[in-house]
Amino acid sequence: MKIIAGNWKMNTGIEEAGKLAQAIAEKPVKDGVRAVVCPPFTHLQTVGAQLKDTDYALGAQNMSPYDDGAYTGEISAKMLKELGVAYVILGHSERREIMGETDALVREKMEKALKEDLVPIVCVGENLEQREAGKEKDVVGKQVAAVLENAAADLSSVVIAYEPIWAIGTGKTASAEQAEEMCAFIYEQVEKFVPGKTLPVLYGGSVKPENVEELLAQPHIDGALVGGASLKADSYHKLVEGRA
Ligand code: PEP
């Protein structure tokens with residue numbers, strides 16, 4: 001099973017989002033693929049209405065680790081579930097880098113998502129400096145350990161997304177070999193912390209119809225988390241089909 005998750009980030013107006021979701025929903029998804037659409041919070045209801053009873057699942061881009069109360073500006077897992085959200089992206093590098101999210105916070109959010117039966121897509125990945133210094137596996141290994149080590153929760157539904165920061169929105173995709181090497185390494189880490197469990201590992205970073213086939217053909221790449229190329233129905237459909 002391959003997972004293709006479209007991360008719209010902070011893009012589209014509500015009307016545009018509704019039209020995009022409608023165009024996406026028109027095409028059925030082939031067996032063996034789970035297609036997820038993650039619009040901004042404010043568009044979840046509109047997009048969710050278009051995707052209801054279709055082959056597409058609804059996802060959010062972030063979530064609070066808290067249930068309710070005095071957390072101005074936050075959105076809880078329960079609120080997401082009320083809108084039909086099934087997946088939630090956590091610890092995206094933009095949130096880690098721009099909003100200062102720590103490994104500990106990402107873990108808290110992941111545990112809350114699991115408790116509320118949302119599927120967490122936990123993002124990990126090194127920046128350019130770390131890769132150039134040959135430290136990419138140290139960085140990613142630490143991020144994976146931070147969420148999986150000694151977890152009390154059942155981690156069976158966790159999805160991990162390897163997104164090298166230098167490849168996000170830059171047009172610079174990791175080569176299939178680079179992506180496969182790190183995803184295989186993540187498989188090893190998962191086995192270390194959660195023996196006997198296989199968690200899906202996605203690749204993200206300038207995935208587009210032209211490179212999706214080669215990436216998805218790698219043995220340890222179970223799907224893709226896609227930003228830019230998920231914002232047009234046509235290219236998103238091609239990603240879901242796994243070819244240009
Ligand atoms: C992302 O938003 O997670 C991402 C990988 O973006 P892009 O596909 O635009 O590089």
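## The ligand and its shell

How many nonpolar, polar and charged residues does the shell around the ligand have? The shell has four nonpolar, eight polar and two charged residues. Here Ala, Val, Leu, Ile, Met, Phe, Trp, Tyr, Cys and Pro count as nonpolar, Asp, Glu, Lys and Arg as charged, and the others, Gly among them, as polar.

This is a predicted model: local features need pLDDT of at least 70, side-chain atom pairs count only at pLDDT 80 or more, and totals for chains, interfaces and linings use all residues. Residues are numbered from 1 along each chain as its sequence is written, and side-chain values use heavy atoms, with hydrogens and water left out.

## Contacts with the ligand

The ligand is surrounded by 14 residues. A residue counts as near if one of its heavy atoms lies within 4 Å of the molecule. K9, E163, G169, S206 and G227 are the closest.

Some contacts are polar (a pair of N or O atoms within 3.5 Å). A polar backbone atom of G169 is 2.6 Å from a ligand oxygen. For the side chain of N7, an N or O atom sits 3.1 Å from an oxygen of the ligand. G227 places a backbone N or O atom 2.8 Å from a ligand oxygen. On its own, the ligand has 290 Å² of accessible area, and the protein covers 95% of that. Such areas come from the Shrake-Rupley method with a 1.4 Å probe.

## The barrel

Eight strands form a closed barrel with parallel pairing, in the order β1-β2-β3-β4-β5-β6-β7-β8. Strands are DSSP runs of E with at least two residues, helices are runs of H or I with at least four, and both are numbered from the N terminus. Two strands pair if DSSP finds at least two bridges between them.

Take β5 (residues 119-124) and β6 (residues 159-162). They pair in the parallel sense over four bridges. V122 has I160 of β6 as its bridge partner.

Most residues other than glycine have a negative phi. K9 has a positive phi of about 55°. K9 is in the loop between β1 (2-7) and α1 (14-25). S206 also has a positive phi of about 55°. The loop holding S206 lies between β7 (201-204) and α9 (209-216).

Notes
Polar contact = N/O pair within 3.5 Å; in protein donor to acceptor, adjacent residues only side chain to side chain.
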